[in-house]
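Here's a quick walk through a metal site and some charged pairs. Have the model open while you read.

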Amino acid sequence: MRKLLLTLILFTSFFSCKTTENTTIKTTNIAENTSTRPKLVVGIVVDQMRYDYLTRFYSKFGKDGFKRLVSGGFSCKNTHFNYVPTYTAPGHTSIYTGTTPATHGIIGNNWFDKESKKYIYCTDDASVKTVGSTSSAGLMSPKNELTTTMTDQLRLDTNFQGKVIGVSIKDRASILPAGHLANAAYWFDGNDQGRFISSTFYIDALPKWVQEFNDSRKVDEYMQTWNTLYDINTYTESIADDNNYEKPFEGLDKATFPYDLKKLAAKNQGYSILKATPFGNTIVKDFAKLAIQNEGLGQDVITDFIAISFSSTDYIGHRFGVDSKEVEDTYIRLDKEIADLLNYLDSQVGKGNYTVFLTADHGAVRVPSYLADLKTHAGYVNQKKLKKKIRKAIRKKYGSDSLIANISNYQVFFDKKALKKADLSLKKVSNYLKSKIENWDNVQQCITGETLKNNSFPNGILHKIQMGYHPKRSGDVVIILDPAYISGYGPQGSTHGSGFTYDTHVPLVFYGKHIPQGKTFRPIVIPDIAATISALLDMQMPNGCTGNPILEIVE
Ligand SMILES: [Zn+2]
């Protein structure tokens, strides 16, 4: 007993001695850290990742992926988008510019352009050319992004010595984060190409390593058969594989495992089928690793930035829905991609030399037809009928529906010239239409552009509408449907776009250099991300930034 006690005392004193030593080392590190930046910032955006994907599948994750980020980093568990619409292009732009569509101008993936009276795609740019393939998929740039990104700021701050690279399978998810001053943004050209491409906005020719990757036709290795990684019976967090709420691939009657991609390719836009499978995430991760290696990212004291977006999660969510086995399998596999990426960063850049953040560009609604079958308030507003009804209401009151220029993205655009000709005020016509629409089934409320321009809403759904409303680009009447009601989509698959929590609540985890271990339930909004990264790098915030640094992290 005495011997044991002695051993215990010896052990304890040895242990406390060790603790003191550790504390000393830690203090020195902190002192160093405050004066040094990470060698590399890794931005990870998971397209359509609801907050609950992190918790619902947590028991299925390994220790080196999502769990490593959450347990070793700082998790902001109550992070929301603070604007409507919650679509991909506004989402990625808001994360990287630290502001909302009201300021950065990316009000949708597509929107009706009031001047040309045509739809424009967020990153369309006819003045540039595709680099890396013969298709038109590279006629793109961030020219519609009206403010700088944190990646732009890093380029300016380092006098262009810090490198910035964007990587995604989806064009807009690479271009909008990479910003205006990136060394390059790469995205995947599917169909008959199966290549990573860029645009002359960034570069005149693909670097050798990208060319080699494309020429190797390694892409064919990703065209595998998609089956569940583990026994499907262990996927207890999702509904039966065979259900009425999923959209099968073209050429199939059912949306059930397994999926032979090589066989399905012909009827599903060739290599583009990769986008709607977990292998789309694998190819992005592999390509990101090649970018880190070949561009020498994180190899010197001047901070570099790689913006990686995993977008296959979005295509899969849209096709199979929030509760599908396909989504569960996708996140189990993505966890392994994250683990592999972190391990790679450890070996290539070094543990403690890089800083990661992981978030999403929006969430998603559970398939409304599924929710309706469960007898909750959910469903669909037929888009064609809604548009017809809006036109009819205007026609009945003012004699002609040519006063309406366009109806899209839950907004009505009036033709200002036609209003003037008819001697009608925009305010009067907008208010009339609002009063009509508000009485229709499953419309929660409407608000006019005039009201949004002349008032300030400090919180609630109208605040989110205001933060997503760009005076020059947005419409004249904004329609808000009931929660879990969608229009122009369904009855299979999930979508997003609203200001309700299923669309706004997303994961946000910071990890690595300068990041304390911890969590908070304090409300955080998406623009706070760019403000926080800017503060961590001690550089100027993006020029339109409306977010604030997360104090628990930066102080
Ligand atoms: Zn998205």
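A residue counts as buried here when its relative accessible area is under 20%. Keep in mind that this is a predicted model.

## The zinc site

Four residues hold the zinc ion: Asp 47 through OD, Thr 88 through OG1, Asp 361 through OD and His 362 through NE2, at 1.9 to 2.1 Å. The geometry is tetrahedral because the angles between the four donor atoms run from 94 to 131°. Along the sequence, the donor spacing reads D-x40-T-x272-D-H.

Asp 47 and His 362 sit 315 residues apart, so this pair links distant parts of the chain. Asp 47 lies in the loop between strand 1 (40-46) and helix 2 (52-56), while His 362 lies in the loop between strand 13 (354-359) and helix 13 (368-373). His 362 has 0% relative accessibility, so it counts as buried. Asp 47 is buried too, with a relative accessible area of 0%.

## Salt bridges

The count comes to 23 salt bridges. Asp 47 turns up again here, paired with Lys 170 at 3.0 Å between the closest N and O atoms. Those two are 123 residues apart, with Lys 170 in the loop between strand 7 (164-168) and helix 7 (171-178). Both Asp 47 and Lys 170 are buried.

What about Lys 63 and Asp 64? Their closest N and O atoms are 3.7 Å apart. Lys 63 is exposed at 67% relative accessible area, and Asp 64 is partly exposed at 31%.

Then there's a network: salt bridges link Lys 285, Asp 286, Lys 289, Glu 337 and Asp 340.

Methods. Residues numbered from 1 in each chain as written. Predicted model: local features only at pLDDT ≥ 70, side-chain atom pairs only at ≥ 80, totals over all residues. Heavy atoms only, no water. Donors = N, O, S within 2.8 Å, 3.2 Å for Na, K, Ca; no water. Tetrahedral: all angles 85-135°; square planar, octahedral: opposite > 155°, others 65-115°. Helix = DSSP H or I, 4+ residues; strand = E, 2+ residues; numbered from the N terminus. Buried < 20%, exposed > 50% of the residue type's maximum accessible area, 1.4 Å probe, protein only. Salt bridge = Lys/Arg side-chain N within 4 Å of Asp/Glu carboxyl O.
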